[in-house]
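Biologist: I'd like to learn how to read a fold from its backbone. Could you walk me through one?

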Amino acid sequence: MKKIVLIVTLALFCLASYQASAGTFIVRNGKASGRILAAGTQAEQDAAFLLQDFVKRLTGAEAEVLPLDSKAKKGDVLILGVVPESGLTEDAFSVNVTDGRTEIVSGGGNGSSYAVVTLLENWFGVRYYAADALYYDTTESLSLPDGLSFSETPTFRYRQTQSYSLALDPLYKVWFRLEQPDEAFAGNLWVHTFNHILPASVYGKEHPDWYTFIGGEHRPGKASQWCLTNPEVLEAACVQIDSIFKANPGMNLISVSQNDGNNTYCQCPDCMEVIEREGAVSGLYIEFLNKIAERFPDKEFSTLAYLFTMNPPKHVKPLPNVNIMLCDIDCDREVPLTDNASGQYFMKALEGWSRISDNIYMWDYGINFDNMVAPFPNFHIIQPNMQIFRDHHVTMHFSQIASTLGTDFSEMRSYLAAKLMWDVDADLDSLMTTFLDGYYGPAGKYLYQYEKMREGALLASGQRLWIYDSPVSHKDGMLNAACRKQYNILFDKAEAAVADCPEYLKRVWIARLPLQYSELEIARAEGCKNPAAISKALDLFEERTATFGIPTLNERNNTPGDYCRLYRERYLPGERTNKALGAKVEYVIEPTAERYRKVGETGLTDGIYGGSTFVESWVGWEGCDGEFIVDLGKDTEMSYIGADFLHQLGQWILLPVSVTCWTSTDGEEYTLFGKTQVAADDSPQVKFEKIGCKSDTPVTARYVRIAVEGTKMCPSWHYGVGQPSWFFIDEVEIY
């Protein structure tokens with residue numbers, strides 16, 4: 001909902017005084033003294049009506065929109081469109097005020113609308129922060145000073161980010177100069193397109209050899225890659241691509257790119273020969289894309305440099321009409337890319353690609369996918385990273401920040417990303433304070449302190465910040481008890497500062513949710529030592545997330561309501577006592593990797609249940625079965641034996657195939673207690689599944705032996721097809 005707030009500041013007072021006394025008047029004393037003359041192209045007409053709309057909002061006056069060939073007079077705004085001799089590039093613009101008229105020239109694209117936005121923002125005092133935060137003061141006059149002349153050229157020719165405001169308000173995309181894939185990519189095919197172009201469900205049965213060869217066989221599936229040395233694949237793909245372009249006239253860009261998943265490339269002898277020659281899997285992909293690009297020289301083809309294709313090839317170079325979509329998914333986010341090991345490894349790839357291409361699309365990540373409603377203080381690295389991209393031939397940029405309502409400073413994250421993609425050298429601190437003061441009012445200064453304190457605590461801790469992070473990972477760092485106390489003091493001050501303004505107070509409450517969520521997560525990981533206080537905090541979190549309509553806590557669409565329900569069931573003390581609590585565990589088949597073997601020393605019987613992120617409390621096995629013996633210390637009666645498993649397909653964590661349990665009184669002779677088969681589950685949501693065996697007749701035993709049959713390999717429907725899968729357990733349960 002758009003709102004007008006009459007906030008008289010010295011700057012606006014001076015602006016109004018200036019407009020009333022000098023310059024080229026568009027509106028004078030409530031009456032339109034100028035008109036809007038616009039070229040007939042759609043982009044220029046859109047700009048004209050945008051300006052007309054805001055002139056009326058600001059002054060109540062109706063500025064007439066006329067054809068560009070109308071006779072111009074003083075006060076008119078001329079939206080000229082593209083003037084070839086201007087030298088402006090796409091989306092760039094210039095504004096000149098001379099002889100009482102304002103002329104707007106565009107370099108193409110949406111340049112004219114972006115010029116109007118700049119005038120509205122910088123000269124007419126309109127402030128826009130998010131879908132629910134559009135502010136302006138009404139006035140009787142609008143004018144621009146004679147001699148005003150400026151131009152703007154975007155840092156990146158294509159700018160894409162994420163914000164829930166995009167879906168709520170069509171103005172948002174124009175105001176923040178953003179583009180969407182369906183505007184640029186034919187058929188909206190912009191990433192992970194192999195299965196869209198040649199779906200395995202259509203071609204896999206008849207042509208299995210078109211798809212990934214891994215582990216001695218071709219594995220067609222919705223996440224499979226292509227066998228790129230198979231000439232039939234090239235011909236079939238070109239036929240499909242041609243039909244897509246014909247179905248989308250006027251569009252000249254399409255993505256031909258690997259399906260999501262890592263190390264799933266074809267490993268047949270012919271493909272491996274190319275990979276070995278090029279010293280990188282990307283060589284196989286660039287050779288294939290170049291062949292397509294040669295077939296369609298008037299089109300542009302984007303392909304991923306992602307995970308197994310991130311590093312550039314040694315010899316082959318992408319043709320000019322092959323766009324490299326480079327992704328920094330494996331980089332930590334606590335410092336700029338030049339300043340930690342993961343970033344430096346990525347920088348070698350970026351430098352390599354920039355030596356052989358000046359057509360690079362950067363896919364950067366700025367959110368925690370597993371815990372989106374959790375603190376993620378990476379604001380200090382956004383600008384230096386974008387400047388690095390600019391300096392390495394990046395011309396297109398997507399800032400993936402998954403900015404749904406309730407995520408960490410969602411609105412500010414979207415605001416800053418968009419502003420910097422347009423002008424990467426803008427004053428970041430000024431942008432941040434402008435946003436915080438405008439969006440949160442008097443509370444803004446406290447939230448600024450909160451963000452800066454988090455940033456300093458993160459850097460001082462030496463802890464990594466990554467896109468599958470858990471608040472629990474930072475419980476001794478930026479989220480330690482002392483820090484959390486100070487953060488809460490700042491939020492208390494922020495709330496008090498806007499207590500009489502419901503609009504600002506609501507926003508402060510939403511900004512506080514990540515801190516509240518973190519405290520719940522840390523309390524869970526520490527064993528819920530104060531159940532009454534935790535229950536009260538959980539009630540408040542549930543109430544506010546429901547009131548504000550917070551849609552999800554993670555990329556997999558797990559809702560806050562489900563989280564709160566599961567929290568009460570899993571983490572708060574219940575009536576039953578788990579008889580495995582504190583029991584000794586001996587591994588027959590040890591957990592995979594040292595980190596899980598260490599957790600496994602106590603992790604299966606410590607009474608602490610894991611959260612949606614596998615990095616804490618969980619014990620994992622990869623590509624194998626698992627087996628262990630639980631020593632209860634004495635003979636114990638039981639009628640249920642099982643374990644709590646994690647289901648998280650995004651991390652290749654699948655439920656087991658089966659769980660088998662035996663019991664023994666002496667640790668030598670074991671009797672079968674039961675076996676449970678587990679159905680495959682391809683749902684994307686993160687789940688916790690209690691899987692075990694029941695006995696109608698109680699059994700008395702001291703030792704329990706549990707064998708878990710893992711899936712071992714990701715199936716054809718999973719995007720890790722042909723690669724090892726995991727299963728994770730956080731707690732053995734015996735009742």
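Biologist: Let's start at a chain detail: which residue just after helix 18 takes a positive phi?

Modeller: That's Gly527, with a phi of about 90 degrees. Keep in mind that this is a predicted model.

Biologist: And helix 18 itself, how do I read its length?

Modeller: Helix 18 covers residues 502–525, 24 residues in total. From first C-alpha to last it reaches 34 Å, close to the 34 Å expected at 1.5 Å a residue.

Biologist: Where does helix 18 bend?

Modeller: At Leu513, by about 35 degrees, and a proline, Pro514, follows within four residues.

Biologist: Is helix 18 mostly covered or mostly open?

Modeller: Mostly covered: 20 of its 24 residues are buried, taking buried as under 20% relative accessible area.

Biologist: Now the sheet. What should I look for?

Modeller: Strands of a sheet pair through backbone hydrogen bonds, either parallel or antiparallel. Here six strands form an open sheet in the order 4-3-5-7-6-11, with mixed pairing.

Biologist: Why is one side of strand 4 and of strand 11 left without a neighbour in the sheet?

Modeller: Because strand 4 (65–67) and strand 11 (149–152) stand at the edges, each with a single partner strand. From one strand to the next, the twist averages 20 degrees.

Biologist: How many bridges join strand 6 to strand 11?

Modeller: Four, and the two strands run antiparallel. In strand 11, Ser149 is the bridge partner of Asn96.

Biologist: Which strands does helix 2 lie across?

Modeller: Helix 2 (residues 42–59) lies across strands 3, 4, 5 and 7, and runs at about 170 degrees to strand 3.

Definitions and conventions. Residues numbered from 1 in each chain as written. Predicted model: local features only at pLDDT ≥ 70, side-chain atom pairs only at ≥ 80, totals over all residues. Heavy atoms only, no water. Pairing = 2+ DSSP bridges. Axes fitted to C-alpha atoms, helices over the stretch in contact; angles between N-to-C directions. Contact = heavy atoms within 4.5 Å. Expected span 1.5 Å × (residues − 1). Bend = angle between axes of the 7 residues up to and from the residue. Buried < 20%, exposed > 50% of the residue type's maximum accessible area, 1.4 Å probe, protein only.
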